[in-house]
Amino acid sequence: MMHKKHALIVGASSGLGSECLRHFAKNYNVTGLSRRGTLPNEVIATESLGLACDGTNINELRTSIEVAVERFGKISLVIVSSGIQNIKPVRNFKQQESIEMIQTNLLLPYNVASIFASQKISVPDAVLCFITSIAAQNPEPGIVLYGATKSAVESLVVGLAKELAPKRVVGISPGWLDTPMTRGFSNIYNENYLDGIKKKSALGLVNVSDVVKAIDFMVSEAASKITGQVLTVDGGLSL
């Protein structure tokens, strides 16, 4: 069905990416890229395509995106939600762990941008949205490299906005979210940790739905003159 615009969600199998799929499938033909290539059940019933892809491999990524464009036409919206976190002191990081984090959190978004830039892939007024983190501006012990990769992505937002205009490039910087990634560190993100966030946040904890609403605004016609900007959605935690 070609009458709808085409949205590509990278990192679509779980967490924020999965929720973006559900939300944007209401008004777009959606393609979800992830290592598993799976889609939420409610999205499968819509005009959607799930593709297994290693986004750190630019040739594999390009092939997958070309398949998506052949199916649904040129892309109007890309949301890059892929990311990994590894919480440990710098002295304990193995080199391969560092390489994997840099590849997933920085090289993958850059690869997506390089393909998105092509007029054969995206429409002239397409929007590219990167998901960053408040750790980009407020790195903490244990997530130093994670914060550095997210800070680099925020630099991409600014530079690409200048280079790719009139296509728009924006970012969303969430605070702590309850996702499969953060649940993997339940020994650290425990009740005491969450209570601390609640006390520091003027508006309390942010949830995935709050972030999706912010993404929806930043990629909408209402934000058509906003580019090169990263919107923080953290309930006031970073104030």
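# A tour of the sheet and its helices

Select Val 10 and then Leu 33 in β2: the two are bridge partners. This is a predicted model, where local features need pLDDT of at least 70 and side-chain atom pairs count only at pLDDT 80 or more, while totals for chains, interfaces and linings use all residues. Residues are numbered from 1 along each chain as its sequence is written, and side-chain values use heavy atoms, with hydrogens and water left out.

**Stop 1: β1 and the sheet**

Show β1 and β2 together. They run parallel, joined by six bridges. Two strands pair if DSSP finds at least two bridges between them. Now colour β1 by burial. Five of its six residues are buried (under 20% relative accessible area; exposed is over 50%, partly exposed lies in between; 1.4 Å probe, protein chains only).

Seven strands form an open sheet with parallel pairing, in the order β3-β2-β1-β4-β5-β6-β7. Find the edges, β3 (48–52) and β7 (230–233). Each has a single partner strand, so one side of each has no neighbour in the sheet. On average, neighbouring strands here are turned by 15° against each other, direction ignored. Strands of a sheet pair through backbone hydrogen bonds, either parallel or antiparallel.

Strand β6 (residues 168–174) runs parallel to β7, with four bridges between them. Select Ile 172: opposite stands Leu 231 in β7.

**Stop 2: helices across the strands**

Select helix α1 (residues 15–24). It lies across β1 (5–10), β2 (28–34), β4 (75–80) and β5 (122–131). Its direction is about 165° to β2. Angles run from 0 to 180 degrees between N-to-C directions, and axes are lines fitted to C-alpha atoms, for helices over the stretch in contact. Switch to α4. This helix lies across β1, β4 and β5, running at about 175° to β5.

**Stop 3: α4 and its helix partners**

Which helix packs with α4 at an angle of about 10°? Select helix α5 (residues 144–164); the two axes are 10 Å apart. That makes α4 and α5 roughly parallel (angles under 35 degrees; over 145 is roughly antiparallel, 65 to 115 roughly perpendicular, the rest oblique). Residues in contact (heavy atoms within 4.5 Å) include Met 101 and Phe 116 of α4 and Tyr 146 and Leu 160 of α5. This contact has 14 nonpolar, three polar and no charged residues. Ala, Val, Leu, Ile, Met, Phe, Trp, Tyr, Cys and Pro count as nonpolar, Asp, Glu, Lys and Arg as charged, and the others, Gly among them, as polar.

Ile 58, Leu 61, Arg 62 and Ile 65 of α3 meet Asn 111, Val 112, Ser 114 and Ile 115 of α4. By class, five are nonpolar, two polar and one charged.

**Stop 4: two single residues**

Stay in α3 and pick Ser 64. Is Ser 64 buried or exposed? At 9% relative accessibility, Ser 64 counts as buried. Beyond neighbours within four places in sequence, Ser 64 contacts Leu 33, Leu 51, Ala 52 and Cys 53.

Finish at Val 158 in helix α5. Val 158 is partly exposed, at 39% relative accessible area. Then select Val 230. Val 158 and Val 230 are 72 residues apart in sequence, yet 8.7 Å apart in space, C-alpha to C-alpha.
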